[in-house]
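Trainee: Could you take me through one part of this structure in detail? I would like to look closely at the sheet and at what surrounds it.

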Protein chains: 2
Amino acid sequence: MEALQTIFEHRTIRKYKNIPVEKAKLDNILEAAIRTSTTGNMQVYSIIVTQDVERKKELHKIHFSQNMVLEAPVILTFNADFNRFNQWCKQRKAIPGYDNFLSFFTASIDALIAAQNATIAAEAQGLGVCYLGTTTYQAQKLIDFFHLPQSVVPVTTLVIGYPDENPPLVDRLPAEAVVHYEQYDENTTEKINRLYAEKEALEETKQLLETNQLETLAQIFTQNRYPKAMNIDFSKLFLEVINKQGFMNQ
Amino acid sequence: MEALQTIFEHRTIRKYKNIPVEKAKLDNILEAAIRTSTTGNMQVYSIIVTQDVERKKELHKIHFSQNMVLEAPVILTFNADFNRFNQWCKQRKAIPGYDNFLSFFTASIDALIAAQNATIAAEAQGLGVCYLGTTTYQAQKLIDFFHLPQSVVPVTTLVIGYPDENPPLVDRLPAEAVVHYEQYDENTTEKINRLYAEKEALEETKQLLETNQLETLAQIFTQNRYPKAMNIDFSKLFLEVINKQGFMNQ
């Protein structure tokens, strides 16, 4: 089954060829996003397509200068977006009540599952993608860059292009780390040790510890990659953005 | 291309046959979810599989007694979940800093895009799905039902089974409602009128207005389906849940 194969063979692509994405393929990707389920069929999200080389250079800076933003020919920014829906309500004698956190989260769900449909549509057509986690960190800068109006908040970004690398499948924890049957299965000390044993024994992990001069792989996350102070700073910023865009009336 | 076809033919299914989902198919769905990109490969989400008939009856009540929860043989509840990751950190001399809103949102992204991969894997195997928006409304009740520990918040639910209906494709707004090129294209009065013209002219819309005795389709959303007071109530509840589960330290 080709759809399953596409999903099972997913790899994040960080190097791209200097080849444009054909319009027909991009149109399929956008159509795939549009066909995704949305809450009450309200379609409360939007997608901004960036292909202009000069504008990609600006986006590249906003996204912490990650190379794939320069290399990949197409950047899709996905927004939680009640702006259009609210405008429609106002033009139709209806008073919108979507200026609250629940509505922001509802719109985020629409945007995020649409992004994953776009991902599969890209991969099924021989393209590669990478999600940019910097989107929420830099939400205000993206709002300024795209001139996003009230009730619009960027929640994720995909870079898309032809892969210039063929990385192996990334390791995943055993299924029991993620899947629980009927009840939530407690994360006991023994279970945690078992779940992480394989990951911790990888050659890649040993090299990471050597390079970073740290004792455990977990410390690479808590001290280097996603440290508490950084999370709290970006957390404050993101909540401010959600509020400023008009989603915190409760 | 079969993957694209699966995506383009998506319909939400609300009636299910009384036939179980084969274990091999469910395993493919779960494996598809597990292969989805996750932030820093932290896999900070979890999935709870409900198949037990008695437990489905309880879930049915929690999800506002929507029939498909009873009919569909498999219910997957997707959680933003830092519990396992935090436990691992604590066992590995690392101090987790993931008790903030940014981390909750990061974990929600993991959970939501995994849910969409599960959706496509189900549909590619001849199954149908329906997302349950009631998940965020009833997050506290789901936490109680599944005994979810700290740092776990349910964000969406999929019901999965063999379709017992074959509904037509749902209407979507024209692509320009959702897709913007380079800059965000303002939602002017004229643009809104153009975008919604087709939807408002549907026979289905006319019947809805007749049944609900309302003047505009927008009023059906603001007065009947997603009224402001309900949104604000569920907004408060959901923020309380996020806080209580330990994601509001900033």
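Mentor: Happy to! Let's begin with the strands: five of them make an open sheet, and the order across it is S3(A)-S4(A)-S2(A)-S1(A)-S5(B), with mixed pairing. Please keep in mind that this is a predicted model. At the edges sit strand S3 (128-131) of chain A and strand S5 (179-181) of chain B, each of which pairs on one side only. On average, neighbouring strands of this sheet are turned by 25 degrees against each other, direction ignored. As a reminder, strands of a sheet pair through backbone hydrogen bonds, either parallel or antiparallel.

Now zoom in on the place where the two chains meet within the sheet. Strand S1 (residues 45-50) of chain A pairs with S5(B) in the parallel sense, over three bridges. You can follow this residue by residue: Ile47(A) has Val179(B) as its bridge partner in S5(B), and Ile48(A) has His180(B).

From there, step back to the contact between the chains. Chain A brings 100 residues to it, and chain B brings 100 residues as well. On the side of chain A that touches chain B, helix H6 (residues 101-124) of chain A gives the most, with 13 residues. That side of chain A is made up of 51 nonpolar, 35 polar and 14 charged residues.

How are the two copies related? Chain A is superposed on chain B by a rotation of 180 degrees with 0.0 Å of shift along its axis, at an RMSD of 0.0 Å. This is therefore the relation of a two-fold axis. If you want to find the axis from chain A, go to Ala3(A): its C-alpha is the nearest in that chain, 2.1 Å from the axis. The same surface serves both copies, as 100% of the contact residues of chain A recur in chain B.

Take Val159(A) as the example: leaving aside residues up to four places away in sequence, Val159(A) touches Met68(A), Val69(A), Ala72(A), Ile75(A), Val129(A), Cys130(A) and Leu132(A). Among these, Val129(A) and Cys130(A) fall within the edge strand S3 (128-131) of chain A.

Conventions
Residues are numbered from 1 along each chain as its sequence is written. Chains are lettered from A and ligands numbered from 1 in the order in which they are written. This is a predicted model: local features need pLDDT of at least 70, side-chain atom pairs count only at pLDDT 80 or more; totals for chains, interfaces and linings use all residues. Two strands pair if DSSP finds at least two bridges between them. Helices (H or I, at least four residues) and strands (E, at least two) are DSSP runs, numbered from the N terminus. Axes are lines fitted to C-alpha atoms, for helices over the stretch in contact, and angles run from 0 to 180 degrees between N-to-C directions. Two residues are in contact if their C-beta atoms, placed from the backbone, lie within 7 Å. Ala, Val, Leu, Ile, Met, Phe, Trp, Tyr, Cys and Pro count as nonpolar, Asp, Glu, Lys and Arg as charged, and the others, Gly among them, as polar. Copies are superposed by least squares on the C-alpha atoms of residues with pLDDT of at least 70 in both.
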